[in-house]
Amino acid sequence: MSDSLKTDASAILHARGLGKQVTSGDKPLTILSDLALDVFPGETLAILGASGAGKSTLLGLLAGLDEPTSGELTLFGDALSSLDEDGRAQLRAGRVGFVFQNFQLLPTLTALENVLLPLELSPLADSERRGRDWLTRVGLGERLSHLPKQLSGGEQQRVAVARAFVTDPQLVFADEPTGNLDPATGKRIIDLLFSLNREAGTTLVLVTHDHALARRCDRCLRLDDGRLEPLVLDEVEA
Amino acid sequence: MSSIADTSRPTSRQARGLGTLRWSLRGMRRDLRAADVRALFVALALAVAASTMIGFFLDRLERGLERQAGQLLGGDLVLEQGRPFDDGLRQELVEAGFTLSDQVDLVSMISHADRFQPASLKVVDDVYPHYGVSHVDLGDGIEQLAQGPAAGEAWLGPRLMQLLEVQVGDQVQVGETQLSVAGVIEREADQSGGFGNFNPRLMMNLADLEATNLVQPGSRVEFEILAAGPPEALTRVEATLAELRRDGVEVRDVRSDRPQLGNALARAEQYLSLAGLAAVLLAGVAVAMATRRYVDRHLDTAALLRCFGATQRQLTRLFALQLLWLALAASVVGALLGLAGQAGLLWLLTAFLPLELPPPGPLPLLLGVLTALAVLAGFAGPTLLRLKRVSALKVLRRELDPLPASAWLVVAVASLVFGGLLWLYSGDPQLAFGLLAGGLVMLVVLWGLGALLLGGVVRLAAWLPQGGSKRQALRLGAQQLARRRGASLGQLLAFSVTFAAMAMIALVRGDLLTTWQDQLPEDTPNYFAINIQPGERDAFIDTLDDAVDERTTLYPMVRGRISAINNQTPRDAVPADARGDGSLRRELNLTWRETLPDGNRLVAGQWFDAGPALADGRVPISVEDGLAERLGLSLGDTMTFAIGSDEIVGELTSLRNLDWDSFRPNFFVIFPPEVLERYGHSYITAFHLDRERDDISRALVREFPGVSLLNVEAILGQVRELLTQVTRAVEFVLGFVLLAGISVLYAALTASRPTRAHESGLLRVFGAGDRLISRVQGAEFAILGFASGLMGALLAELAAAGIYLAWFDLAPRIHWGLWLTLPLGGALLIGVIGHALSRSVRRQTPMQSLGLLGEA
């Protein structure tokens, strides 16, 4: 699994020469430069990096939430550079799931309503049943109508995981999914995430600074000084 | 696995649209839990309630007034000419939907035994009266009768009874027949037939007219058709009426002949419209404030949805639909409130308005819903666009909020929409534009003034000597206001406008009421003495002056007919539709005066003493502006009057505006002295007599039997009653405006809650106790309220002055009390409401309050 940076037409996410510069004060600041990456269907990929390395910026670019200042990026076969923000949004609809560090649940919505949120964009006949099923699968079948503030951190993240999978996405991005949880709860969430991913056959791209979490992925990359480098299992263990 | 995009997902646009529709409905239902949405709801409902209430009310009042005018006229349409009407016209009127009643008016000598007296005969048919009842004493006390006298009978006015010395049951000679006196008329159901010639009244049945043989060629007889019917009937015969007017028929209808109570009511109507607009403006400000919070709260939702694949279009649709549901729900609630409100207004005016008013029409309701949508679009639109511009990246980087809508854009769009509403409500684009432009200039001035005031407050607080928790709270409060400069300035402006609108409506109310009270003071004349002969003038005046404190000037009165205008026959000289005008068909009361009478206002030309001398024996005359307008006369035109066998040519040298509601003798035409003296004349005056001093009036009648005393107490009472009721209506509406003002306070304070929670959380972390935080918040609100009150007072004074000059025809004045009450009241009101609304914020732990920012 260490043969990184393969170039293959079967990749669902394909990036070359990807760079992001921002202006800080008067000076340009390079966050990412000349990145190359391919993500293949069904694989789990961890992107490791220290705090401030630009992991979230990269995730934003890969998911089409932000535009690179240089390079090419293809998602599901479509070049993101040829799409405007609305086009990129439509590309994501129903095909990309997200799990965030701070859960990003809407406080006025119940657990079930939060899970159903992505389905509201293009409702299905059985949306509600689907939402209930997924909440049951993450162990919250009895707490459908609870508001986020009535749930613990771990439970909130489970709702978020159910929400990420409810549309049967092809690709799930997870941004520090255990960052706000204690180690034991974090582990349970990771177990859940990986088991659901396996069952659904989804591709998972994980951004984390947690080596233990990265170890469980098929493949690891390290983001360092704006560049991506392959990382072997042993190094992760080190 | 396969993408769900290829399987069960319906892709049709229609299904997606339906989904958004349902989703938006669910979203709005969920959102009703949030304070800002509740504030939005309340504000919109108030806007709709205000506009529908006033719309419904004015609509019904308008129709009620027509009904009342009909009652005074004796029908919805009255036609009058010197010869009988032909059957073709009758046929046409009946086909148009009218019920007809015939009436003949003439003056004839009536006798009983050896007493003879000219009387004004009102000959009515069996349909009479169309509306209302006559108050007649048939011998057993006064009864209300919806009919005229039966054939063979006559009803006489009390004065005629007295002059002829007859009792009920006696016979009187009318022309060649005898009629039995069956009743004494206290009040006629209508004022048709007029009392212009001041002869006492006799009412008889049309069936007896032929037997009197009074209608002869050349005799002065007026034939009238009194027609009653719906407004549509009047519209149907409009063309015919225009033709009749050209033929010299006098046409009066409920639209053109409003009761003379009009002036007070017209002002009240303007006041109500103004108050309605103020309520709508306030609701708009509340909507703008609540929308800011609504948008802030939904930024995360929008970002998440962007992340999950929502397009800008979908987001716009979603939030627009959500708010549309809110507006519609608020419209329903507002319209119900408006309906209830107008019922309340009508209830306050029941004694004045006829009971069976037509039900409210649908138009005000439509206007109400339109108002809600317009207010929402105008006051919330630009702010809402922010949701559409949210970047999906915000889910990863919380600080990435879209720029808030430019304050100028918000103000510009809101002004545009409000200007449109002003136009719609007033139907006067010039007024709408003027008010709008003035308002915007004021806003810029207030903005600058507000910035200066805020800066001053902070500097003042910094000056306060250290020590003392109250001073510390005041300083901290001022600092917090200064730190949130932009938001504070926004609130300051919103509160100023709110206070100004509330104060202005209250000021205008107060000044209107004072004007009304001044207009009809306690000693307003309630008696007119007419027909005072020159020989008895001095004796009468001496007797009168001994008995009463005050009377109006004694005016000489000469009767004359307009025989030519600009040397043409009047018919040819006046506009076609004025050919049947009453002034051309009857004798006018002419008077002479050296000075302009009290209550008259010169609107064109110069009074006799200042005007140029006229050649050719023409004399200068002063004419009432309304008459001049109807007859198409302007300064320099001539009018020839036939007085007896003489003719006098007068040239218009001035036009006067009269206050017809003043209960003083008023004249259409005034001559200078030394022109009319040589003709037969009598005098008229008016005076006030307390109700319990009937003995004086009886004594006057006894001593001067030739003088007619006209008691107008009943009409005066009616006007007074109307003013009292209109006053209550005005107060009711004022209450509504105050309610709208409070909704602004609620919306603004709700909107700023999270920021305050964050600040108090921080203060708490740094060791501040409950007491200090409570005082700091109280101080901050009080300072805000004080400054807003100060600016509100300025704005209210300017706006009220503008409105007085433009609308109410009142002189502007400075209201000193306002400058004290508004700042102090503002400090108290905002201090108390703000402090109370922040209570839940103060109860939170620092953890909660610091986490609250940016969430629900």
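**Helix packing and buried positions**

In this predicted model, helix 3 (residues 111-120) of chain A packs against helix 5 (residues 153-165) of chain A at an angle of about 30°, and their axes are 7 Å apart. Angles under 35 degrees count as roughly parallel, so helix 3 of chain A is roughly parallel to helix 5 of chain A. The crossing of these two helices of chain A is right-handed. Helix 3 of chain A contributes Ala111(A), Asn114(A), Val115(A) and Pro118(A) to the contact, and helix 5 of chain A contributes Val159(A), Ala162(A) and Arg163(A). By class, these residues are five nonpolar, one polar and one charged.

Helix 11 (residues 407-426) of chain B and helix 12 (residues 429-463) of chain B pack with their axes 8 Å apart, at an angle of about 150°. Angles over 145 degrees count as roughly antiparallel, and therefore helix 11 of chain B is roughly antiparallel to helix 12 of chain B. Helix 11 of chain B passes helix 12 of chain B in a right-handed crossing. On the side of helix 11 of chain B, the contact residues include Trp408(B), Val411(B), Ser415(B), Gly419(B) and Trp423(B); among those from helix 12 of chain B are Leu436(B), Leu440(B), Leu443(B) and Trp447(B). The contact has 14 nonpolar and three polar residues, and no charged ones.

Next comes a helix with a buried face. In helix 3 (residues 87-96) of chain B, the buried residues are Leu89(B), Leu93(B) and Ala96(B). Seen down the axis of helix 3 of chain B, the buried residues fall within an arc of 60°, so they line one face of the helix. An α-helix has 3.6 residues a turn, so residues three or four places apart point the same way. On the other side of helix 3 of chain B, Asp87(B) and Glu95(B) are exposed. The cover over its buried residues includes strand 1 (77-81), strand 2 (99-112), strand 10 (221-228), helix 6 (231-236) and helix 7 (238-246) of chain B.

Phe641(B) lies in strand 17 (residues 638-643) of chain B. Its relative accessible area is 0%, so Phe641(B) is buried. Leaving aside neighbours within four places in sequence, the residues in contact with Phe641(B) include Arg561(B), Ile562(B), Leu588(B), Leu590(B), Ile621(B), Ile648(B), Val669(B) and Phe671(B).

Definitions and conventions. Residues numbered from 1 in each chain as written. Chains lettered and ligands numbered in written order. Predicted model: local features only at pLDDT ≥ 70, side-chain atom pairs only at ≥ 80, totals over all residues. Heavy atoms only, no water. Axes fitted to C-alpha atoms, helices over the stretch in contact; angles between N-to-C directions. Helix = DSSP H or I, 4+ residues; strand = E, 2+ residues; numbered from the N terminus. Parallel < 35°, antiparallel > 145°, perpendicular 65-115°, else oblique. Left-handed = near helix turned anticlockwise from the far one by under 90°. Contact = heavy atoms within 4.5 Å. Nonpolar A, V, L, I, M, F, W, Y, C, P; charged D, E, K, R; others polar. Buried < 20%, exposed > 50% of the residue type's maximum accessible area, 1.4 Å probe, protein only. Arc of directions from axis to C-beta.
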